[in-house]
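Reader: I am new to this structure. Please show me how to read it.

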Amino acid sequence: MRWSNTFIPTLKEDPQDAEAISHKLMVRAGLIRRLTAGAYIYLPMGYRALRKAEEIVREEMNAGGGAELFMPALQPPELWKKTGRYDDMGDVMIKYTDRHGKEIALGPTHEEVVTDLVSREVRSYKDIPLILYQIQTKFRDEVRPRFGVVRSCEFIMKDAYSFDADVEAMEASYKKMYDAYCRIFKRCGVPYVAVEADPGLMGGTVSHEFMVPSKMGEDRIIICSQCGYAASTEVAGASSKDDRKKDPEKPKNIEEVSTPGLSTAMDVSKFLKVDPRDLIKTLIYIADDEPIAVLVRGDHEANETKIKNKLSAKTLELADEEKVKEVTGGDMGFSGPVDLGIRIYGDDSVKNMVNAVAGANKKDTHLVNVNPGKDFKVHQWMDARIITETDPCPKCGSDIELKQAIEIGHTFKLGTKYSEPLNAKFLDEKGKECLIIMGCYGIGINRILASLIETSCDKDGIIWPVSIAPCEVVVIPVKREDEDLFSEAERVYEELCEAGVDVILDDRKKTIGVKFKDADLIGFPGQVIIGSKGLKEGKVEVKSRATGENSFVDKDKVVESVKAILGD
RNA sequence: CGGGGCGUAGCGCAGCUUGGCUAGCGUGCCACGUUCGGGACGUGGAGGUCCUGGGUUCGAAUCCCAGCGCCCCGACCA
């Protein structure tokens with residue numbers, strides 16, 4: 001490929017609408033351009049990297065027993081109504097009415113479509129196990145598209161679905177996919193961590209998220225330094241032990257105190273000069289239309305995922321100001337568990353608190369010396385909070401680290417969540433009709449690129465691994481106008497092409513500085529520099545983008561040294 | 001959806017507070033010449049609905065009103 005024949009608009013300056021490093025670099029390096037919020041054009045260099053990532057995914061999915069197919073983005077909403085996800089998806093699903101007045105949805109994912117397909121075609125236990133996958137465009141009307149290609153409204157996803165006769169077989173398929181994911185991310189050079197996660201809307205019992213630690217990540221994970229346990233903060237078990245070194249006090253009697261305008265735990269804690277850990281935060285939620293209260297300690301955050309799961313609630317929303325007033329009789333920020341006429345769920349760490357501070361359900365008033373058991377009863381104690389960095393590892397008790405991370409893949413054990421409503425059954429050996437046990441597995445291809453760049457760049461630009469670099473090597477003639485030099489560059493270029501190296505020839509009539517800067521910015525793993533000085537001695541320079549190491553090699557031995565740099 | 005910010009040449013920005021000559025700077029682009037191993041230099045040139053619409057005014061990039069678009073924080077989310 002010749003530079004002049006392709007389209008690589010690089011930029012000297014950061015685009016003003018980009019914040020994330022990966023976003024800035026992808027735009028500057030001429031990989032992408034924004035069309036509108038959450039929708040990006042992949043320019044030739046970006047598209048090449050994307051396709052290489054796709055190809056790795058394809059190879060490993062095939063190796064894991066997957067069969068590729070391709071399903072439409074246009075989907076009938078009826079399927080979504082059958083599984084109940086039409087409402088669950090809400091406005092995330094993009095819908096329109098066609099000329100016949102029929103509603104059409106743009107697929108945000110394909111569980112419904114693929115399960116419907118399988119329900120029609122699979123009859124016998126002999127037809128399964130089956131793993132179907134596709135690499136296809138998904139549409140989601142995101143509340144907030146962000147960080148360039150990290151969260152966009154239109155993106156490329158590899159989605160796979162496994163269909164098995166029983167749970168054991170599904171576990172085997174799950175394992176195959178899990179292993180394939182590990183191979184995929186390793187080959188793509190992204191430093192991933194597989195964590196236990198919440199299945200969320202997808203359903204099922206167990207799921208794993210494949211995360212890449214990064215400041216730009218939208219999710220938080222914990223990693224144990226000792227045993228290596230890793231989990232999303234949404235599911236990681238928080239300790240129920242009291243982490244305070246304090247002599248036990250005798251419970252005293254409740255007193256009211258005036259706390260004018262102090263509605264946050266921090267404000268109250270400062271004003272009353274008490275440790276936030278002596279505060280009880282009372283959050284009013286609406287769980288499936290029923291108002292409930294959730295108690296967590298002043299320094300903790302409620303974990304809506306855990307609460308939702310423990311209550312088996314379909315929806316869980318924080319009550320608004322009006323609702324709080326109606327339910328508690330007090331203003332928002334002054335709610336407390338004492339004399340509260342609704343179900344109260346308490347986080348385990350609240351259970352043994354003594355003489356705590358809580359809201360009084362009364363304007364500008366808090367209560368001191370509140371004691372669980374004595375002053376209020378809870379319906380159920382549970383782990384209802386988000387794990388913190390000071391918590392011990394839920395598995396081994398050692399110290400844990402908290403990190404932000406980008407989710408690049410997610411695997412789910414679905415069970416019969418989709419096969420049941422969509423009637424995906426098969427006849428077993430005994431002629432008995434059984435529901436198919438499913439699993440599903442997603443990878444955000446765009447996010448492979450973004451998270452790779454996020455974690456692999458320097459001040460000069462991107463540092464690609466050979467596996468998904470837009471091109472493996474760039475050949476740079478120092479002076480385009482020097483015909484001898486350029487024809488030597490062309491010769492080297494041809495030779496590399498013939499040797500099967502993915503190479504681009506920078507044949508632009510630009511000064512050498514520009515070409516070096518662009519090569520570093522885009523980040524081709526290998527650079528071959530043809531200059532007149534070296535050429536006089538029959539040598540060309542071969543340089544590694546990652547290490548900066550260079551060597552002058554005999555011009556007849558370019559292919560070998562390039563391959564050495566590429567790690568072949 | 002709530003809070004904040006931005007919108008002026010392809011890109012990055014100044015000008016706006018206090019309205020007033022032909023709307024500027026850097027970079028990029030075109031031509032010619034000189035350069036040529038880390039974003040070269042000179043000369044000449046092209047490129048603008050100052051986001052849109054309305055209003056105030058003798059006069060609006062600048063002031064007022066409405067709308068649109070984009071980014072960030074939050075809420076939300078596979």
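**The surface around the RNA**

Author: A residue is near a molecule or strand if one of its heavy atoms lies within 4 Å of it. This is a predicted model, where local features need pLDDT of at least 70, side-chain atom pairs count only at pLDDT 80 or more, and totals for chains, interfaces and linings use all residues. Residues are numbered from 1 along each chain as its sequence is written, chains are lettered from A and ligands numbered from 1 in the order in which they are written, and side-chain values use heavy atoms, with hydrogens and water left out.

Reader: Of the atoms of RNA strand B within 4 Å of the protein, what percentage belong to sugar or phosphate?

Author: Sugar or phosphate accounts for 48% of those atoms, and bases for the rest.

Reader: Which side chains have a polar atom by a phosphate oxygen of RNA strand B?

Author: A polar contact is a pair of N or O atoms within 3.5 Å; within protein, one must be able to donate a hydrogen and the other to accept it, and residues adjacent in sequence count only if both atoms are side-chain atoms. For R146 the distance is 3.4 Å, and for T511 it is 3.5 Å.

Reader: Which elements give two or more residues to the surface near RNA strand B?

Author: They are strand 1 (32-36), strand 21 (400-415), helix 12 (512-522) and strand 30 (539-544). Helices (H or I, at least four residues) and strands (E, at least two) are DSSP runs, numbered from the N terminus. Helix 12 gives the largest share, seven residues.

Reader: How do I read a pair of packed helices?

Author: Two packed helices are described by the angle between their axes and the distance between the axes. Axes are lines fitted to C-alpha atoms, for helices over the stretch in contact, and angles run from 0 to 180 degrees between N-to-C directions. The axes of helix 1 (residues 21-28) and helix 10 (residues 445-455) come within 8 Å and cross at roughly 105°. These two helices are therefore roughly perpendicular (65 to 115 degrees).

Reader: Which residues of helix 1 and helix 10 meet?

Author: In helix 1, I21, S22, L25 and M26 meet L449, A450, I453 and E454 in helix 10. Contact means heavy atoms within 4.5 Å.

How values were computed. Parallel < 35°, antiparallel > 145°, perpendicular 65-115°, else oblique.
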